[in-house]
Amino acid sequence: MRLEPIPAPSLTRQIGLPVLALVATALFAMGLAALAGAAPGEVAWLVVKGAVGSKFALLETLNRATPLIFTGLAVAVAFRAKLWNIGAEAQLYMGAVLTVVLGTGLLGWPAALLLPTLAVAAMIAGACALLVPTILKTRFGVDEVVTTLLLNFVALLFVSYLLEGPLKDPMGMGWPKSPRLIPEARLPRIAEGLRLHWGFALGIIAACLVWVLQTRTIWGYEMRAVGLNIKAARFAGMPVNRVLLRTALLSGGLAALAGFSEVAGAKGSLTLDLSPGFGYTGIIVAMLALLHPLGVVVAALFVAGIFVGADSMSRAASVPTYIADIVLATALLAMVLAIGLTRRRVRWT
Amino acid sequence: MTEILDILLSASFWAAAIRIASPLIFAAMGELICERAGVLNLGIEGIMVVGAFAGWMAVYAGAGLWMGVGVALVMGMVFGAVHATLTVPFGLSQHVVGLGITLLATAATYYAYRIALPEVTSPPKIDAFEPYTVPILGDLPLLGEALFQQTPLTYAAFATAALTAFVLFRTPLGLALRAAGENPASVAAQGLSVTGLRMGAVIVGSGLMAVGGAFLTMSAFDSFFFEMVNGRGWICIALVVFGAWKPGKTLLGAILFAAFDALQIRLQQTPIGADAPYQVFLMAPYILSILALVVMSRRASVPAALMVPFNKGER
């Protein structure tokens with residue numbers, strides 16, 4: 001077989017193939033549910049109901065989507081410039097660490113001053129966490145995939161050390177857990193009585209800003225150019241290494257905001273299970289969004305809905321909650337294939 | 001310092017190093033075969049999880065130990081076939097597909113575990129491989145205990161490394177495979193199928209990765225835990241770079257790395273370990289891998305067509 005390029009793919013092809021990928025994934029998921037001895041139709045219904053079926057479920061989905069918007073944006077920004085940042089998990093934890101260091105009483109400022117400071121400090125921590133592997137890439141040619149992956153393990157061990165040492169909560173009954181943030185350092189709820197914090201709104205604002213940056217500024221143009229063809233970008237006189245470093249700062253900072261928003265908004269303190277793989281799931285979110293910043297918001301809601309729905313479904317039916325992870329990984333692969341086939345067709349020889 | 005010296009001179013330390021190296025040798029050889037043919041396989045971490053589960057589960061269900069290894073091999077090849085189909089003929093991003101395979105394989109394993117053993121609180125144990133003392137060689141001082149009193153799977157790991165080196169550098173198939181990773185157009189000009197060679201390499205390589213995972217549940221331990229692979233796959237990718245894509249050097253790198261890992265475990269029990277937090281010791285292997293990458297990347301001999309898809313007739 002051979003692949004032939006399609007210079008101008010039809011709209012049907014551009015929309016139809018991704019939809020087909022999602023439908024195929026859904027059918028595959030139903031097969032898996034049947035394998036576990038449950039009725040596929042009922043399982044699908046339970047997932048949908050668990051994700052958006054009630055006010056409580058919907059808010060749970062929005063809350064779960066919040067960190068995924070940030071990590072999804074981090075991955076989308078980096079992948080756009082072909083900077084393979086697989087370390088959003090590490091950057092998230094670095095952001096969370098700085099939020100806790102500064103937000104547990106060290107800075108006794110009013111909320112209006114403290115919250116922006118915490119967010120910026122977290123972003124700097126995350127940016128530095130990605131700067132190291134990026135400098136290793138630009139200076140020494142070390143592949144950033146492996147280094148960012150390995151640093152995830154280092155970061156988690158570092159947090160584990162902090163939680164058993166300098167950042168340990170004296171009132172924590174021996175649990176590895178940080179002290180709680182002071183009230184001024186907590187992100188308030190969007191509306192009184194509504195269990196949704198400002199982190200979600202911040203995520204949407206961040207998505208819009210990234211979109212403006214990518215499509216309306218020279219910096220964004222350079223990031224995309226480096227990703228599309230690094231040789232052409234260099235030939236055109238772009239400072240490729242500096243563009244990559246800039247991308248790294250932005251991507252790491254965005255991932256760190258997930259840590260800030262989880263600590264300051266959702267949890268109020270830092271534990272070792274702050275992120276159940278939000279960094280890795282960010283890759284799925286970004287790919288499902290076709291790396292588009294506004295698409296990331298939609299994809300994060302979708303992915304969060306699958307997780308929340310599957311959690312609630314597995315309590316009612318005898319299907320393990322890991323089905324959500326299988327579905328999302330399958331969706332990722334199917335979507336990548338669909339996009340690949342949008343611009344190329346298979347010719348059998 | 002005397003403590004470190006004492007450790008380094010003990011046979012049991014080197015026996016542990018060889019034991020820790022064994023799964024890395026299997027998986028790193030698998031990754032090396034893939035990359036030599038021009039395909040980066042980031043599915044390695046997930047495929048090791050699959051292998052660890054599949055081999056153990058097969059034995060638990062009543063299969064023999066070698067049968068379990070075979071099941072792990074085949075399951076690894078199945079996931080390898082998915083990876084190969086998406087990255088070779090379809091030419092999709094090897095980064096994204098590889099990570100997708102890791103996520104899929106890990107999730108599928110955990111799902112299968114929960115379905116197969118819905119009620120258990122702690123995973124059941126199996127009768128794992130027992131150490132086998134090689135006659136005569138096993139009685140040698142120091143060397144005997146370090147090298148020749150291991151489980152059969154460890155001997156298989158070393159045999160795999162030797163076989164990989166032989167096939168890659170002493171057979172026409174190996175030449176074609178390496179050429180597919182260096183200059184695929186030349187392979188196609190010879191009338192050979194680049195697609196076939198690369199897919200074969202990814203499928204066989206993935207099988208070896210799964211056997212590496214199976215070593216963990218069938219030889220190093222006797223049970224399956226979540227997170228038990230714990231980044232070993234990513235370390236193998238670093239080992240292949242460290243070994244400059246050569247089986248012999250990669251094997252040495254794996255033993256060196258394992259020796260360091262065995263050392264940090266033992267150091268934790270000495271007075272040095274009592275002073276420093278244990279996380280520092282656990283971090284060391286990952287940081288060491290990164291440092292090794294930095295040092296080696298200056299004189300890296302990356303296969304020229306690594307991560308470059310080949311589409312016949314396209315220039």
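1. A crossing of two helices is called left-handed if the near helix is turned anticlockwise from the far one by less than a right angle, and right-handed if it is turned clockwise. In that sense α2(B) passes α7(B) in a left-handed crossing, where helices (H or I, at least four residues) and strands (E, at least two) are DSSP runs numbered from the N terminus.

2. The model is a predicted one, in which local features need pLDDT of at least 70 and side-chain atom pairs count only at pLDDT 80 or more, whereas totals for chains, interfaces and linings use all residues. Residues are numbered from 1 along each chain as its sequence is written, and chains are lettered from A and ligands numbered from 1 in the order in which they are written.

3. The axes of helix α2 (residues 11-36) and helix α7 (residues 152-170), both of chain B, come within 9 Å and cross at roughly 25°; axes here are lines fitted to C-alpha atoms, for helices over the stretch in contact, with angles from 0 to 180 degrees between N-to-C directions. That angle makes α2(B) roughly parallel to α7(B), since angles under 35 degrees count as roughly parallel, over 145 as roughly antiparallel, 65 to 115 as roughly perpendicular and the rest as oblique.

4. The contact between the chains takes 39 residues from chain B and 37 residues from chain A. On the chain B side, the elements that give two or more residues are α5 (94-116), α11 (232-242) and α14 (278-297), and the largest share, 13 residues, comes from α5(B). By class, this side of chain B has 26 nonpolar, ten polar and three charged residues.

5. Helix α11(B) is mostly covered, with eleven of its eleven residues buried, where buried means 20 or more other C-beta atoms within 10 Å of the residue's own, exposed means 12 or fewer, and partly exposed lies in between, the C-beta atoms being placed from the backbone. The buried residues, including B:Arg232, B:Trp234 and B:Phe242, pack against α6 (144-164) of chain A together with α2, α3 (44-60), α12 (247-267) and α14 of chain B.

6. The loops on either side of α11(B) deserve a check of their backbone angles. B:Glu227, in the loop between α10 (194-220) and α11 of chain B, has a positive phi of about 65° although it is not a glycine, and B:Glu227 is exposed, with 8 other C-beta atoms within 10 Å. B:Trp245, in the loop between α11 and α12 of chain B, likewise has a positive phi, near 60°, but B:Trp245 is buried, with 21 other C-beta atoms within 10 Å.

7. An unreviewed UniProt entry places the feature "transmembrane region" on chain B at residues that include 37-58 and 92-113, and such annotations may be inferred rather than shown by experiment. In the model, residues 37-58 of chain B are 68% helix and 0% strand, with end C-alpha atoms 31 Å apart, while residues 92-113 of chain B are 91% helix and 0% strand, with end C-alpha atoms 30 Å apart.

Conventions: Contact = placed C-beta atoms within 7 Å. Nonpolar A, V, L, I, M, F, W, Y, C, P; charged D, E, K, R; others polar.
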